[in-house]
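Visitor: I'd like to go through this protein with you, starting with a term I keep meeting. Could you show it to me?
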Amino acid sequence: MSERAEVERAAAIVTGAGRDLVLLHCNYPLADGRWDLRRMSTLRDLAGSVGLSDHSAGYDLRSSLLAIALGADWIERHFVLSRPSAARDAPVSIDPEGLARLVAATRDPEPHLALAERHPEILGEADRPLSEPVRRLREFYVGRWGDNR
């Protein structure tokens with residue numbers, strides 16, 4: 001939930017200190033159906049490794065698989081041991097069955113590029129401004145824990 005300038009500044013600090021850096025694009029559920037996975041290319045310009053922090057609905061593996069097909073080095077998913085779960089993040093979590101499906105599907109991510117070919121709008125833009133729902137969520141967190149700029 002950071003603006004580009006904030007990410008650039010943080011990346012410069014970390015890489016300037018000689019440290020390795022992984023930047024994850026987060027795809028919170030977006031009302032317009034975009035995952036904005038093209039942002040990973042922008043992040044790759046700032047760090048050696050990029051990935052996706054996937055907040056898709058539990059059984060929806062499409063954005064994770066498409067991110068891998070687009071060159072993601074890392075995938076982060078929330079995880080629950082079983083369903084139903086009382087965990088607050090259960091709706092965006094995968095369970096052991098979902099994790100097994102994700103691992104199996106990552107062995108051949110190329111077919112998932114067909115999804116992007118059929119629906120290029122889901123890739124979004126490489127440097128689109130934060131959407132209004134994400135901006136409101138960011139303001140909530142900044143108000144709660146402070147702005148670290």
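Guide: A polar contact is a pair of N or O atoms within 3.5 Å; within protein, one must be able to donate a hydrogen and the other to accept it, and residues adjacent in sequence count only if both atoms are side-chain atoms. This is a predicted model, where local features need pLDDT of at least 70 and side-chain atom pairs count only at pLDDT 80 or more, while totals for chains, interfaces and linings use all residues. Residues are numbered from 1 along each chain as its sequence is written, and side-chain values use heavy atoms, with hydrogens and water left out.

Visitor: Okay, which side chain does D60 make a polar contact with?
Guide: The side chain of D60 makes that contact with the side chain of R62, at 2.8 Å, and D60 itself lies in the loop between strand 2 and helix 3 (62–69). Helices (H or I, at least four residues) and strands (E, at least two) are DSSP runs, numbered from the N terminus.

Visitor: And what is D60 in contact with beyond its neighbours within four places in sequence?
Guide: Those residues are W35, D54 and R77, where contact means heavy atoms within 4.5 Å.

Visitor: New topic: how many helices and strands are there?
Guide: The protein has six helices and four strands, and from the N terminus on they follow the order α-β-α-β-α-β-β-α-α-α.

Visitor: Which strands does strand 3 join?
Guide: Strand 3 (residues 74–79) runs parallel to strand 2 (residues 49–54), with four bridges between them, and L52 has I75 as its bridge partner in strand 3. Two bridges also join strand 3 to strand 4 (residues 93–94), again parallel, and H78 is partnered there by S93. Two strands pair if DSSP finds at least two bridges between them.
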